[in-house]
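Good morning, everyone, and thank you for making time for this short talk. Please have a look at the structure on the screen, and then I will walk you through a few parts of it.

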Amino acid sequence: MSDRTLIIPKKRRPFFLRRGPMEALAVLLIALGFLMLFQPFWLVLYTYSFVTLLAGTAMFTVVSKFPE
Amino acid sequence: MNSSHQTFAEKASRLATEAAVRATPEPLAKRVRGFSDRAIAWLFIAPTIALLLAINIFPLFWAIYLSFTNYRANRPNAEVRNIGLSNYSRILNDPDIWASMQTTAHFVFWTILLQTVIGFGLAYLIDRKFRGHAFWTTLILIPMMLSPAVVGNFWRFLYEPQIGLFAYAVSFLTGIPTSDIQMLGSVQLAPWAIVIVDTWMWTPYVMLICLAGLRSIPDYIYEAAEVDRASPWRQFWSITVPMALPFIMLAVLFRGIENFKMFDMVNLLTGGGPGSTTEVASIALKRDAFEAWATGRSSAFAIVLFVAVFGLANIYVKALNRVKQR
């Protein structure tokens, strides 16, 4: 009888529930929103900056609670 | 010797406890005895939490509510109607407010850059233990201890073209007549006048944080580098900067958040002028709230600024944690 142990591969969480990539995405959104808010070139970017920032910040607040 | 000290400490502690028990009125002692440790802990922190809720959390939620209404603080009896996202739409399509955001970004960028470079440089110099370094540290820290109102007022006098010391110094060094050095009246110079004052006042703060970082680097790392024949330049870039980086980032975070809200200095020095060249977001916000009395709209403006600073702080804290883990 062999004493080999059976290693069951851990089931990976789906992409949108993984902390690393989602946090990176949220940081990207915040940085983008921030640049859009303070850039001096296009008013339209300024207009949509708040939505981008808010989405990024809300997303960051949620996904930073996900397990590693 | 050690055990006798311990015995003395234990005795003193027991006596102090007994004295406290004797001093506590019996009814109160009975009441306190009825609570669990957790309940007592909650009892102690409850006033702070109540204060925090009243001063920070409630106004935040109230401002969010007002940002969706047409409320005007100078017409308290007028009907308050929900107008949806109109205030946000106006704020985010207004070219004047967009311009004030750019002015804010200009101030934040230059003040932080100058304060970090000069502050770290000063900290590096002060960290070399030379004769009288404690005296120089105290002297450098003085501007930070002054009230912004005082600093704003005396720099206004320093910038005066006719009687100001700043104009005289610049005139002496460059030969430009003092009457031409209009630091607060010139469209080109006024933004820089504010950057200079803020840098003068807050560089010591950055220096203090960087100094704490530099003092936390153990000497043996430098000794090991010396043994490996690392040059001072290499030691600076491979030991000093990476190990002081979390502290520098912390200083940048604190100053960044403060400078986004910069109001007092600008209000005292230029009041947003000449024209609107120094009208930072907080000055535009104050005008909207207390001169145009558009309370709902200014609440929406405040929320936009809050989200921007909150988002930036989130990124920054994440970056700080990553640097610390290295």
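Predicted model: local features only at pLDDT ≥ 70, side-chain atom pairs only at ≥ 80, totals over all residues.

Let me start with a pair of helices in chain B, where α9(B) and helix α11, residues 232-260, pack at an angle of about 145°, with their axes 8 Å apart. The crossing in which α9(B) passes α11(B) is right-handed. On the side of α9(B), the contact is made by residues including Trp202(B), Val206(B), Ile209(B) and Cys210(B), while α11(B) contributes, among them, Phe247(B), Ile248(B), Leu250(B) and Arg255(B).

As for Val304(B), once we leave aside its neighbours within four places in sequence, it is in contact with Phe50(A) and Ile91(B).

That brings us to the contact between the chains, which takes 17 residues from chain B and 17 residues from chain A. On the chain B side, α5, residues 95-127, and α14, residues 295-325, each supply at least two residues, and α14(B) gives the most, with nine. The residues on this side of chain B divide into twelve nonpolar, four polar and one charged.

Next comes helix α13 of chain B, residues 281-290, in which the buried residues are Ala281(B), Ser282(B), Ile283(B), Ala284(B), Leu285(B) and Asp288(B). These buried residues of α13(B) pack against α5, α12 and α14 of chain B.

Arg229(B), in the loop between α10 and α11 of chain B, has a positive phi of about 60° although it is not a glycine. Trp293(B), in the loop between α13 and α14 of chain B, likewise has a positive phi, of about 55°, and is not a glycine either. Are these residues buried or exposed? Arg229(B) is exposed, because 7 other C-beta atoms lie within 10 Å, whereas Trp293(B), with 14 such atoms within 10 Å, is partly exposed.

Key:
Residues numbered from 1 in each chain as written. Chains lettered and ligands numbered in written order. Contact = placed C-beta atoms within 7 Å. Helix = DSSP H or I, 4+ residues; strand = E, 2+ residues; numbered from the N terminus. Nonpolar A, V, L, I, M, F, W, Y, C, P; charged D, E, K, R; others polar. Buried ≥ 20, exposed ≤ 12 C-beta atoms within 10 Å, placed from the backbone. Axes fitted to C-alpha atoms, helices over the stretch in contact; angles between N-to-C directions. Left-handed = near helix turned anticlockwise from the far one by under 90°.
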